[in-house]
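The sequence and structure are shown first.

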Amino acid sequence: MKVALLDDYHGVAERYADWSTLGANVQVQSFRDYLPESARVQALQPFDVIVAMRERTPFPAQLVNALPRLRLLITTGMRNLAIDMDACRDRGVVVCGAPGSADANTATAELAWAHILALFKNLTIEDANMRRGLWQTGMPQPLAGKCLGVVGLGKLGAAVAQVGKAFGMQVLAWSPNLTPERAQAAGVGFASKHELFANADVVSLHLVLSESTRQVVDVAALAAMKPTAFLVNTSRAGLVDQDALVDALRKGRLAGAGLDVYPEEPLPATDTLRALDNVVLTPHLGYVSPENFTVFYRSALEAVQAWMAGNPIRVLNA
């Protein structure tokens, strides 16, 4: 039996879990580089089991049906919109989830704040200019007294909101299902969508992507924002109308953005975003940590062992 560990960018998959426990008859191969669509079928056809890292590599019906040996597909995390669950079910491919660390939300909230601070303090621009021999080329802004808009007040959004309060910011929250009572319980102000985008000096997104939240940050929301405001997205690219965002950034209708997620990942080397100096870019690091990945891979190994024993666990396409 052959097991593929996909998108192991950091080369840790074979160290963070003891795959040798699967036995001498099981071959495990880690793929550090992202497999482009053109090479995916040929590379994955020999494998009976594939472990996917979140949504890095999509598994549409076309790919699933092109892998005749595939019997078990594991996704790290317990939700993966990039896997065609129906196609897997029709093919008899079991899809199992592999949960990560309970502290993963903390890492994402920390990254959101890294982006917010980088934008307010001009960190990436000043760092680049320092390396060019320049000195104090921009005016950093204080956080105290500014307005933080949190879109989505679940665990992540609430964690980001608490840090904003600690910095002395006014915090407003909105989501499609948020009530004034829940906002009050979290100690933040409740606002309509328009009020939040119009008043916030920085908006941070913390929603699950669904049909009701897709492009929730649309042309109207971006137009409502102050030209001095920032947008931070460490959640999902689909929450934002990307064309409208790029247009606003290029034309100075928005001061800047901090982005960790993109419509196409890895972000192409020629993507327009890479050329904008008012954008802080990170390569989808929100959930990436040694602690989270260790639990991810050990959960994935556990799922393989259970499937081999005839008792699959955490099945997502039953």
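Two residues are in contact when heavy atoms of theirs lie within 4.5 Å. The model is predicted. Leaving aside neighbours within four places in sequence, leucine 231 is in contact with Leu119, Val203, Leu205, Val217, Leu222, Met225, Val240, Leu245, Leu254, Gly256, Ala257 and Gly258.

**Nonpolar cores**

The largest nonpolar core has 35 residues, and Leu231 is among the members that touch the most others, along with Phe197, Val203, Val217 and Leu254. At least two residues of this core come from each of strand 6 (147–151), strand 7 (170–174), helix 9 (193–199), strand 9 (202–205), helix 10 (219–224), helix 11 (242–250) and strand 11 (256–259). Helix 11 gives the largest share, 5 residues. A second, separate core holds 24 residues, including Val3, Leu5, Tyr16 and Leu22. In soluble globular proteins, nonpolar side chains tend to be buried together.

**Annotated domain**

An unreviewed UniProt entry annotates residues 114–286 as "domain: D-isomer specific 2-hydroxyacid dehydrogenase NAD-binding". Over residues 114–286 the chain is 32% helix and 16% strand, with the end C-alpha atoms 10 Å apart.

**Backbone details**

Most residues other than glycine have a negative phi, and most peptide bonds are trans.

| Residue | Phi | Relative accessible area |
|---|---|---|
| Asparagine 122 | about 55 degrees | 18% |
| Glutamine 215 | about 50 degrees | 39% |

Asparagine 122 sits in the loop between helix 5 (104–120) and helix 6 (123–131). Buried means under 20% relative accessible area, so asparagine 122, at 18%, counts as buried. Glutamine 215 is in the loop between strand 9 and helix 10 and is partly exposed.

The peptide bond joining glutamate 265 and proline 266 is cis, with omega about -5 degrees. Proline 266 belongs to the loop between strand 11 and strand 12 (279–281).

**Threonine 57**

Is threonine 57 buried or exposed? Threonine 57 is buried, because its relative accessibility is 3%. Its place is in the loop between strand 3 (49–52) and helix 3 (61–65). Apart from neighbours within four places in sequence, threonine 57 is in contact with Leu6, Asp7, Tyr34 and Arg40. With aspartate 7 there is a polar contact between side chains, at 2.6 Å from threonine 57. Glutamine 136 is 79 residues from threonine 57 in sequence, and their C-alpha atoms are 42 Å apart in space.

Note on methods: Residues numbered from 1 in each chain as written. Predicted model: local features only at pLDDT ≥ 70, side-chain atom pairs only at ≥ 80, totals over all residues. Heavy atoms only, no water. Core = buried A, V, L, I, M, F, W, Y, C linked by side-chain atoms within 4.5 Å. Buried < 20%, exposed > 50% of the residue type's maximum accessible area, 1.4 Å probe, protein only. Helix = DSSP H or I, 4+ residues; strand = E, 2+ residues; numbered from the N terminus. UniProt positions renumbered as here; feature names shortened; annotations may be inferred. Polar contact = N/O pair within 3.5 Å; in protein donor to acceptor, adjacent residues only side chain to side chain.
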